Protein chains: 2
Amino acid sequence: MEWEKLLDHYGLLIEGKLESYFSNLTQNAKDYHPFISELYDNIREYSLRKGKRLASCSTLLSYKGYTGKIDENILDVCVGIELYRHCILVHDDLVDKDKFRRGGKSFHNLFTDYDRRFGERITIFAGDLIFALALQCISRSGFSIDKIDKALSLLIEGYCEVNESQILDLLFEYAHPNAAEWSKMAYKRAASLFRATILIGAILGNAPERDVELLRDAATNIGYSFDIQDDIIDTFATKEQYGKKPGGDLVLGKKPLHIILLHERASKDELKLLNNVMRKRYITNTEIESIRQVIRRTEALKSAKEESKRFAEFAKNLISKTSMSDEIKDFFSSFINYIEESLDWYK
Amino acid sequence: MEWEKLLDHYGLLIEGKLESYFSNLTQNAKDYHPFISELYDNIREYSLRKGKRLASCSTLLSYKGYTGKIDENILDVCVGIELYRHCILVHDDLVDKDKFRRGGKSFHNLFTDYDRRFGERITIFAGDLIFALALQCISRSGFSIDKIDKALSLLIEGYCEVNESQILDLLFEYAHPNAAEWSKMAYKRAASLFRATILIGAILGNAPERDVELLRDAATNIGYSFDIQDDIIDTFATKEQYGKKPGGDLVLGKKPLHIILLHERASKDELKLLNNVMRKRYITNTEIESIRQVIRRTEALKSAKEESKRFAEFAKNLISKTSMSDEIKDFFSSFINYIEESLDWYK
């Protein structure tokens with residue numbers, strides 16, 4: 001697929017920049033204290049694990065869409081975006097007590113020389129630190145001061161939003177949100193990440209004001225579409241497709257859109273089944289298959305897929321109206337097409 | 001005391017600004033989600049608890065020292081500094097499992113409608129959010145874009161430093177740092193907070209470059225002096241003086257300078273006494289008095305006090321060399337004098 005090739009290509013460039021960024025960071029930290037140097041080594045290993053680099057590539061490519069080029073300044077910003085992405089994951093995994101992340105241990109499980117609490121406590125401060133480093137990368141990227149001001153404002157606003165949505169996401173574990181509440185939460189989740197990353201690239205690339213507004217809406221719609229698909233994968237993918245056991249969100253009591261719709265439509269007995277799983281915080285293969293069956297029967301799956309596709313179509317339409325280069329429009333469109341197509345894999 | 005009167009006076013101004021800031025914030029959040037509005041109410045209550053406002057007043061007063069005035073812009077920045085101070089405390093209390101803060105519950109204990117874990121998880125995201133709000137206040141304060149750029153850079157650097165020092169402080173619970181390591185940790189603790197807050201005020205107030213450098217060193221020395229004094233209070237104050245049970249740091253296994261010096265000088269039996277307290281994580285009145293006795297006998301207390309006073313004298317000398325107004329020089333000098341004098345209360 002076109003979009004994956006581009007991510008592979010530009011992801012490598014960004015990883016190269018990340019490598020040299022971290023090598024400076026750990027070197028300087030060595031003069032300060034060996035443990036801080038070790039900490040930066042852990043952040044380096046965690047951030048450089050194999051991944052799509054979708055967030056930083058979104059910034060890079062929307063910049064290229066307006067300037068036709070890649071330069072050192074934007075790559076420095078992309079290092080900041082990667083750190084931003086990872087500071088969110090570090091705290092997210094700690095809050096959800098996730099054990100693994102992208103083929104390795106979650107950050108709070110990396111400190112095996114000490115007791116469990118040590119890793120958890122360190123991770124609170126490490127997440128804070130990584131966000132500050134992200135801001136610093138953007139602040140020192142060499143763009144003009146007014147552009148940096150705008151880029152920082154976008155990232156700071158994005159971080160406010162992401163944390164508000166994380167807090168609602170937690171609250172929803174204890175509540176029964178309706179679809180409107182879900183929508184408010186999701187407006188600030190993946191949608192916020194797409195907005196911040198795409199708009200930072202566009203603004204640094206001198207995109208016209210009209211395009212910035214189009215991209216703001218497009219990013220929001222990509223985010224909604226992506227969130228719904230991502231949540232469907234967690235419930236419906238096989239372990240082979242997903243790389244981990246499906247149903248993790250259900251066990252945590254999360255409320256993805258298809259579960260909210262199920263709640264509105266399921267019978268009492270069907271709801272009992274779901275509540276039982278959430279109470280014991282463990283799910284068997286038989287149980288997840290029964291829950292999937294209810295999601296299908298109530299057409300919660302069908303409706304969620306339709307919503308995701310509706311957002312995807314909006315997004316593509318908005319992207320097509322911008323003045324970005326065709327190469328970059330094609331990238332975003334083919335990525336959105338992939339989200340839509342992949343929805344059909346889960347039945 | 002002169003400095004306390006000034007803090008009382010300007011603290012009230014800042015609290016007024018904080019009130020109106022939070023009233024906007026909760027109002028806007030109501031349209032988003034009632035729980036986010038409730039969260040901001042909690043942040044408001046937590047931030048507005050009675051306190052000295054030393055951090056934000058340091059910014060306000062160093063600004064006044066160069067401009068001779070207080071204006072709305074600097075008060076907006078001070079709201080940001082207060083939020084900055086509190087985002088650090090919110091995570092700090094969570095990491096140390098502290099139950100109380102300034103006459104109220106610690107932030108993670110405010111969410112009593114839910115289980116304990118809920119408050120702890122929310123607090124990770126809430127601390128992140130409060131830091132982002134702090135940056136936003138400065139970013140939107142109305143100063144010129146180049147001044148905002150410098151102020152944000154100082155706060156971001158400060159946040160990196162504070163988190164690095166917090167991480168070392170945690171590590172030291174599991175280790176036996178020497179005085180040089182303590183000094184590296186403390187360079188980024190209170191010293192970092194004084195640097196960020198004083199320098200932001202100075203730079204926004206157009207302080208000459210030479211003064212910025214003098215203040216950077218002065219702030220560092222104030223920080224060292226303050227940290228040593230603050231730690232001595234935790235071990236030596238009575239419950240009546242301190243408002244809480246003394247010895248909290250010892251029970252947590254923290255390594256203040258006077259304990260590091262004790263470790264270098266105490267006998268095996270004396271060390272056994274200290275280790276026993278740390279192992280059981282509870283301290284009786286008899287035990288704390290015995291530990292105090294060892295700190296006195298080894299002259300660790302005397303040496304720590306001398307260090308604190310030495311830093312204080314450096315700081316006063318540096319402050320006197322700046323071109324700040326006499327009113328503000330007097331403020332900082334009388335505050336530093338207070339640190340020195342208060343050392344003599346603990347024997």
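## Around helix α14 of chain A

Just past the end of α14(A), A:Glu299 adopts a positive phi of about 60°. Keep in mind that this is a predicted model, so everything here is read off computed coordinates.

Now for the helix itself. Helix α14 of chain A takes in residues 285–297, and at 1.5 Å a residue those 13 residues should span 18 Å.

Which residues of α14(A) are buried? They are A:Glu287, A:Ile288, A:Ile291, A:Arg292, A:Val294 and A:Ile295. Look down the axis of α14(A) and these buried residues fall within an arc of 160°, so they line one face of the helix.

As for what the buried residues of α14(A) pack against, the partners in chain A are α9 (209–236), α11 (248–252), α12 (257–265), α13 (268–280) and α15 (300–321).

## The nonpolar core

The largest nonpolar core has 262 residues, and A:Tyr84 and B:Tyr84 touch the most other members. Setting aside neighbours within four places in sequence, B:Tyr84 is in contact with B:Phe131, B:Ala134, B:Leu155, B:Gly158, B:Tyr159, B:Val162 and B:Leu193. In general, nonpolar side chains of soluble globular proteins tend to be buried together.

## Where the chains meet

How many residues of chain B are in contact with chain A? The count is 54, and they meet 54 residues of chain A. Between them the two chains bury about 5,200 Å², with carbon and sulfur atoms giving 69% of that area. On the chain B side, B:Tyr32, B:Arg121 and B:Phe125 lose the most area to chain A, together 16% of what that side buries.

There's some charge pairing too: four salt bridges are found across the interface of chain B and chain A. B:Arg121, one of the residues losing the most area to chain A, also has its side chain in a salt bridge with that of A:Glu173 (3.1 Å, N to O).

## A serine in α2 of chain B

One last stop is B:Ser37, which sits in helix α2 (residues 34–47) of chain B. Is B:Ser37 buried or exposed? Its relative accessibility is 4%, so B:Ser37 counts as buried, the cut-off being under 20%. Not counting residues up to four places away in sequence, B:Ser37 touches B:Thr26, B:Ala29 and B:Lys30.

Note on methods:
Residues numbered from 1 in each chain as written. Chains lettered and ligands numbered in written order. Predicted model: local features only at pLDDT ≥ 70, side-chain atom pairs only at ≥ 80, totals over all residues. Heavy atoms only, no water. Helix = DSSP H or I, 4+ residues; strand = E, 2+ residues; numbered from the N terminus. Expected span 1.5 Å × (residues − 1). Buried < 20%, exposed > 50% of the residue type's maximum accessible area, 1.4 Å probe, protein only. Arc of directions from axis to C-beta. Contact = heavy atoms within 4.5 Å. Core = buried A, V, L, I, M, F, W, Y, C linked by side-chain atoms within 4.5 Å. Buried area = accessible area lost by both parts, 1.4 Å probe.
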